[in-house]
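Please open the structure in a viewer and keep a selection tool at hand. The tour below moves from one selection to the next and states what is found at each stop.

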Amino acid sequence: MAFSSISQTLAPNAEDLCSETTESFTHPETSPLATPKPYVTADARIERAWKHWKNLGEPKLIVAPMVDNSELPFRLLCRKYGAEAAYTPMLHSRIFTENEKYRCTEFTTCKEDRPLFVQFCANDPDTLLEAACRVEPYCDYVDINLGCPQRIAKRGNYGAFLMDKLPLVKSLVEKLAQNLNVPVSCKIRVFPDLQDTLNYAKMLEDAGCALLAVHGRTRDEKDGKKIRANWEAIRAVKNALRIPVLANGNIRHMDDVKRCLEETGVDGVLSAETLLENPALFAGFRTVEWVSDGEEGVQDGKLDQADLVVEYLKLCEKYPVPWRMIRAHLHKMLGEWFRVHPHVRDDFNAQSILTFEFLYDMVNRLRDLGVSRPLYVNNT
């Protein structure tokens, strides 16, 4: 069963959501103040964080949050091919609290969509709490985006640009940790100086963060294809903290997953850009780009990106999402195919209104033109 509107996604009566589903928080529209939870010692918080993570099965293969790209149908496709947990796209906490249409279209889930991190960007603790309260019954973590490096985040005063405003970051984490029943997680980027990164991570843990995902690039290192993520910094964070830590960066295929887990000691890995091209990454499939010449034990996996596109489109028919998301995914998954036959891409781009019939026909058209880009597996 999918939930395609806020009344379906979150509760039969979304206005009463928080009072119906949480014990420690009353919806801000009926009460301006939340009732904080009793004080919990640091040791008890750490124990609780690990108990929750273990109860979820300690997922190691995780779909990273991607603006407009980690929506429900894509999450489900990745889960089919090995992903053990997933983040939603980044949701804007203020718009989420104010705009019902935004809630209806930007956040959908279903019973198979767990474990689930719901990620918000925010710069106001009360607004963040109101948004978090709406999704709390339908996720396993409420995540705070502290890593977005884009200009829109700078203009909006959120994401990685809060690295300059650590007291505000601390207040965001504390507000959720003291008032939600689900754990609070955070996703960060590293500072250029390692000690600054470690101090930052410790502050988040002390404020109540129960799980930390670390993108091993700085705020200014935006090009993931040209700049390698710093796994040494991630390892240092893992060694410094007592809560579960996840690594983000340099995950292109399952060999990278294995190396990252071994070299950093983290509790799980996130993949973003590579999953967009190859949602079957966590099932051991890799694109030809990541198959070395003469590599032994690698064979055609009898699956290609067009197969994945068809599966994705069927999920979109079942769980509707905005067409802009569908369009973006097809460009990513069929990018190599379009480079072989750019006229098909041009026809696709010329469609101001998309239909599933057109998209299925486009895939068949590419196949009829003889495009073949198999995904490969290592049979050893």
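Predicted model: local features only at pLDDT ≥ 70, side-chain atom pairs only at ≥ 80, totals over all residues.

Asn-157 is not a glycine, yet its phi is positive, at about 60 degrees. Most residues other than glycine have a negative phi.

Next, select Lys-302, which lies in strand E12 (residues 298–304). Here too the residue is other than glycine and phi is positive, near 60 degrees. Is Lys-302 buried or exposed? With a relative accessible area of 71%, Lys-302 is exposed.

Display the backbone of Arg-114 and Pro-115: the peptide bond that joins them is cis, with omega about -5 degrees. Most peptide bonds are trans.

The structure holds one cavity of 30 Å³ or more, and the largest cavity contains about 40 Å³ of space. To display its lining, select Glu-71, Leu-72, Arg-75, Pro-89, Thr-105, Glu-106, Thr-108, Val-321 and Met-325. Which elements give two or more residues to this lining? They are helix H4 (72–80) and helix H6 (100–106). Colouring the lining by residue class shows four nonpolar, two polar and three charged residues.

Notes: Residues numbered from 1 in each chain as written. Heavy atoms only, no water. 1 Å grid on protein atoms, 1.4 Å probe; cavity = no way out; pocket = protein on both sides within 12 Å on 5 of 7 lines; lining within 4 Å. Points joined across faces, edges and corners; volume = space filled by probe spheres on them. Helix = DSSP H or I, 4+ residues; strand = E, 2+ residues; numbered from the N terminus. Nonpolar A, V, L, I, M, F, W, Y, C, P; charged D, E, K, R; others polar. Buried < 20%, exposed > 50% of the residue type's maximum accessible area, 1.4 Å probe, protein only.
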